[in-house]
Amino acid sequence: MTIFELVKIALDELYKDAAKEYGAETDQKIIDQLDYLSQSYKGLSDPKRPPIDYGDPAVRFAYVFRYVAAHGDYIVQVLKYFRAEHGAVLPGPTARVSCIGGGPGSDVIAILKYLSDMGKHEKVEKLICYLLDGEQGWADAWTEFDESLESDVNLSPIFQKLDVSNFDSWQSQKKFLQADLFTMSYFVSEVMSQDGGGDVSAFWLKLFEEAKPGALFLYIDNGADLFNEYIDTLASKGGLKTLMSKNNRRFTPSFTEQASELSAYRKKFGQNPKLQAQLSFRVFEKA
Ligand SMILES: C[S@@+](CC[C@H](N)C(=O)[O-])C[C@H]1O[C@@H](n2cnc3c(N)ncnc32)[C@H](O)[C@@H]1O
């Protein structure tokens with residue numbers, strides 16, 4: 001399956017949610033929210049900006065439509081790049097992945113696509129995937145996602161509400177710390193401005209300190225030095241080793257990916273999913 005086919009499964013569910021709320025107004029609401037998200041992502045480095053609100057089903061649809069396929073594809077490309085230099089990303093036959101800020105599904109879709117492309121070279125039979133996100137609304141799109149999936153990998157998606165800016169929300173959650181791989185895709189830039197009380201940085205340190213030895217951490221973000229330097233400093237404080245580090249690389253989705261899967265939605269909204277980006281990435285390892 002292509003990433004766009006996987007995204008289409010989620011979008012069809014999200015569209016139903018938005019239509020329940022907005023009826024005949026749904027398409028206009030989604031167009032408005034595509035604009036809300038584009039405007040919001042322009043101000044990520046402003047420490048005083050309000051958090052982006054994903055509570056509206058039209059915002060969630062807009063996010064998945066515009067960003068998930070591209071982000072998923074960038075993750076696949078970085079994982080393949082890592083594999084070429086360092087070997088397998090995940091152990092088999094059972095692997096655990098924790099996707100921090102993974103509610104929209106880019107990260108889980110990427111891991112499934114990566115495993116499907118690797119075939120017998122990286123044989124994972126069962127994938128336990130923790131989707132950790134502050135917005136509960138994302139849960140519905142993923143709880144029965146595995147039912148619609150045609151994949152050799154047996155996926156168990158587990159959604160857990162976790163707000164990294166609120167110590168009480170994460171201090172007692174432990175199970176996700178056992179992951180073999182943690183993904184942080186376009187998440188550090190999203191929450192850095194929420195660190196006024198220090199809980200966000202405390203979360204990163206807890207994660208890095210309590211992860212198991214050998215665990216990998218994949219960071220992908222929009223290229224800005226501000227976010228790269230922040231995560232590099234925390235990773236070093238948390239005792240992580242940097243295995244890969246690249247800044248400001250231009251990425252385009254791979255040629256096998258066809259945005260035409262989403263053509264009905266593209267026509268409706270007169271807009272296209274994101275394709276190219278400048279991004280920075282890291283792979284850290286817990287010693
Ligand atoms: C830009 S999206 C990134 C999603 C995905 N990883 C990707 O690459 O497309 C940021 C995600 O962070 C979540 N989020 C924002 N603030 C959060 C917080 N304080 N704690 C946990 N999740 C948060 C949002 O709900 C959203 O799903």
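At what angle do the axes of H3 and helix H4 cross? Work through the exercises below to find out.

This is a predicted model, in which local features need pLDDT of at least 70, side-chain atom pairs count only at pLDDT 80 or more, and totals for chains, interfaces and linings use all residues. Residues are numbered from 1 along each chain as its sequence is written, and side-chain values use heavy atoms, with hydrogens and water left out.

**Exercise 1. Describe how H3 packs on H4.**

Step 1. Helices (H or I, at least four residues) and strands (E, at least two) are DSSP runs, numbered from the N terminus. Axes are lines fitted to C-alpha atoms, for helices over the stretch in contact, and angles run from 0 to 180 degrees between N-to-C directions.

Step 2. Read the geometry. The axes of H3 and H4 (residues 106-118) cross at roughly 45° and come within 8 Å.

Step 3. Classify the angle. H3 is therefore oblique to H4. Under 35 degrees counts as roughly parallel, over 145 as roughly antiparallel, 65 to 115 as roughly perpendicular, and the rest as oblique.

Step 4. H3 passes H4 in a right-handed crossing. A crossing is right-handed if the near helix is turned clockwise from the far one by less than a right angle, and left-handed if anticlockwise.

Step 5. List contacts (heavy atoms within 4.5 Å). Residues of H3, including Tyr-63, His-71 and Arg-83, meet residues of H4, among them Ser-106, Tyr-114 and Met-118.

Step 6. Sort by class. The contact of H3 with H4 has 10 nonpolar, 3 polar and 5 charged residues. Here Ala, Val, Leu, Ile, Met, Phe, Trp, Tyr, Cys and Pro count as nonpolar, Asp, Glu, Lys and Arg as charged, and the others, Gly among them, as polar.

**Exercise 2. Classify the packing of H1 and H3.**

Step 1. Helix H1 (residues 3-22) and helix H3 (residues 57-86) have axes 8 Å apart, at an angle of about 170°.

Step 2. H1 is therefore roughly antiparallel to H3.

Step 3. Look at the residues. Phe-4, Leu-11 and Tyr-22 are among those in H1 that meet H3, where the partners include Phe-61, Val-68 and Val-76. By class, this contact of H1 with H3 has 16 nonpolar, 1 polar and 4 charged residues.

**Exercise 3. Which residues are closest to the ligand?**

Step 1. Find the surroundings. The ligand is surrounded by 22 residues (a heavy atom within 4 Å). The closest are Tyr-63, Ser-106, Asp-133, Ser-185 and Gln-194.

Step 2. A polar side-chain atom of Ser-106 is 2.5 Å from a ligand oxygen atom. A side-chain N or O atom of Ser-185 lies 2.5 Å from an oxygen atom of the ligand. A polar backbone atom of Gly-101 is 3.0 Å from a ligand nitrogen atom.

**Exercise 4. Where does the loop with Pro-93 lie?**

Step 1. Pro-93 is in the loop between H3 and strand E1 (94-100).

Step 2. Check its peptide bond. From Gly-92 to Pro-93 the bond is cis, with omega near -5°.

Key: A polar contact is a pair of N or O atoms within 3.5 Å; within protein, one must be able to donate a hydrogen and the other to accept it, and residues adjacent in sequence count only if both atoms are side-chain atoms.
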